[in-house]
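This briefing covers one protein model with a ligand. The lead sentences come first, and the points that follow are grouped by topic.

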Amino acid sequence: MFDTLSDRLSGALRDLRGKGRLSDADIDTTAREIRIALLEADVALPVVRSFIARVKERAKGAEVSQALNPAQQVVKIVNEELVGILGGETRRLALAKEPPSVIMLAGLQGSGKTTLAGKLAKFLGGQGHTPLLVACDLQRPNAVNQLQIVGERAGVPTFAPEPGNGVGDPVDVARRGIAYAREKQYDIVIVDTAGRLGVDAELMRQASDIKAAVQPDETLFVVDAMIGQDAVATAEAFRDGVGFSGVVLTKLDGDARGGAALSVREVTGQPILFASNGEKLEDFDVFHPDRMASRILG
Ligand code: GDP
């Protein structure tokens, strides 16, 4: 996803190589090229602004180093700042002291929540946990069934409302799902919720009702990196309407520019925990800001 950004950034930094000393003008030129590269990749403007300001300030004030030449020093600064906007340290999933832990997934329809539920369940199962999926997306006719299929593939059971009882109440299903997990000793409950194609008040209310009822240990906002600039506005809407403790980026295998998704951490202040990069259950990993920064800087 970040090939163009990566090419542009390495290009900008390559121009510095071979220079014995960097003038302020050299740094300004490089900063300008980095700025354009980030903006073209759809990184949100306020994020780009503060990023560039920090890089410039640090590069101009950089001490003469024995170990690194000036160009390497700028690369190091850019790398560190990039790690910073991506969240710094890798953030692990917060689990409850007393099981079951509850992880709630929220996001727009099509963002990849249901697929993620399976991925996360498989990943946690591989770590020795015993996850249970709970189907609280009762809006889309096929959603419950889709979650059950994903669960079967992941080798994890799904708690779903009994068929034939009308639409049902997602808050009630969430509560009963957690009680069931407690009774059967599943140690992590993953609650899949309904999404809409766009942000709307009812979606927010439903998600926040579920959240209030189940008090999740983590509420993960799932965002499709392919939606471009909308990623930031959607993240802000979910932050204000539901609140979340972490972000999952999906569809990083796509060819969109993706920089908006990379801005979500900085804009909302919440860390990115996982990244999803394909339709298969294995296409999923813990998000490591340093590895992502290295990948982007090539
Ligand atoms: P939900 O509506 O949020 O539950 O989204 P789904 O899990 O149903 O996913 C919507 C579509 O995106 C499905 O066709 C998934 O196979 C696909 N999808 C989910 N995650 C990824 C991903 O990381 N990469 C790609 N390429 N497709 C994905």
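Glu 80 has a relative accessibility of 32% and counts as partly exposed; the classes are buried for under 20% relative accessible area, exposed for over 50% and partly exposed in between, with a 1.4 Å probe and protein chains only. The model is predicted, so local features need pLDDT of at least 70 and side-chain atom pairs count only at pLDDT 80 or more, whereas totals for chains, interfaces and linings use all residues. Residues are numbered from 1 along each chain as its sequence is written, and side-chain values use heavy atoms, with hydrogens and water left out. Helices (H or I, at least four residues) and strands (E, at least two) are DSSP runs numbered from the N terminus.

**Salt bridges**

- A salt bridge is a side-chain nitrogen of Lys or Arg within 4 Å of a carboxyl oxygen of Asp or Glu, and the model has 19 of them.
- Side chains of opposite charge can pair when their charged atoms come close.
- Glu 80 and Arg 58 form a salt bridge through their side chains, with 2.5 Å from N to O. Because Glu 80 belongs to helix α4 (residues 70-85) and Arg 58 to helix α3 (residues 45-60), this pair ties together parts that are 22 residues apart in sequence.
- Arg 58 is partly exposed, at 33% relative accessible area.
- Glu 80 also forms a salt bridge with Lys 76, where the closest N and O atoms are 3.2 Å apart. Both residues lie in helix α4, four residues apart, which is about one turn of the helix.
- An α-helix has 3.6 residues a turn, so residues three or four places apart point the same way.
- Lys 76 is partly exposed, with a relative accessible area of 43%.
- A network of salt bridges links Arg 54, Arg 58, Lys 76, Glu 80, Glu 81 and Glu 266.
- Glu 282 and Lys 122 form a salt bridge, their closest N and O atoms being 3.3 Å apart. This pair links distant parts of the chain, 160 residues apart: Glu 282 is in the loop between β7 (272-276) and β8 (284-286), and Lys 122 is in helix α5 (residues 113-126).
- Lys 122 is partly exposed, with 35% relative accessible area.

**Ligand surroundings**

- There are 17 residues around the ligand, and Gly 110, Thr 114, Thr 115, Asp 253 and Glu 279 come nearest; a residue is counted if one of its heavy atoms lies within 4 Å.
- A backbone N or O atom of Lys 113 is 2.8 Å from an oxygen atom of the ligand.
- For Thr 115, a polar side-chain atom lies 2.5 Å from a ligand oxygen atom.
- For Glu 279, a polar side-chain atom lies 2.6 Å from an oxygen atom of the ligand.

**Annotated span**

- An unreviewed UniProt entry lists residues 271-284 as "domain: SRP54-type proteins GTP-binding"; positions follow the numbering used here, feature names are shortened, and annotations may be inferred rather than shown by experiment.
- Residues 271-284 are 0% helix and 43% strand, and the end C-alpha atoms lie 17 Å apart.

**Helix α11**

- Pro 289, Met 292, Ala 293, Ile 296 and Leu 297 are the buried residues listed for helix α11 (residues 289-297). They cover an arc of only 130° around the axis, which puts them on the same side of α11; the arc is that of the directions from the helix axis to the C-beta atoms.
- The elements covering the buried residues of α11 include α1 (3-14), α4 and α10 (259-268).
- Gly 298 follows α11 and has a positive phi, near 70°.

**Val 48**

- Val 48 lies in helix α3 and is buried, at 0% relative accessibility.
- Leaving out residues up to four places away in sequence, Val 48 touches Arg 35, Leu 38, Leu 39 and Val 43, where contact means heavy atoms within 4.5 Å.
- From C-alpha to C-alpha, Val 48 and Arg 239 are 21 Å apart in space, and they are 191 residues apart in sequence.

**Backbone details**

- The peptide bond from Pro 99 to Pro 100 is cis, with omega near 0°, and Pro 100 is in the loop between α4 and β1 (101-106).
- Gln 185 is a residue other than glycine with a positive phi, near 65°. Gln 185 sits in the loop between α7 (170-184) and β4 (188-193) and is exposed, with 66% relative accessible area.
- Lys 251, also not a glycine, has a positive phi near 60°. Lys 251 lies in the loop between β6 (246-250) and α10 and is partly exposed, with a relative accessible area of 31%.

Technical notes:
A polar contact is a pair of N or O atoms within 3.5 Å; within protein, one must be able to donate a hydrogen and the other to accept it, and residues adjacent in sequence count only if both atoms are side-chain atoms.
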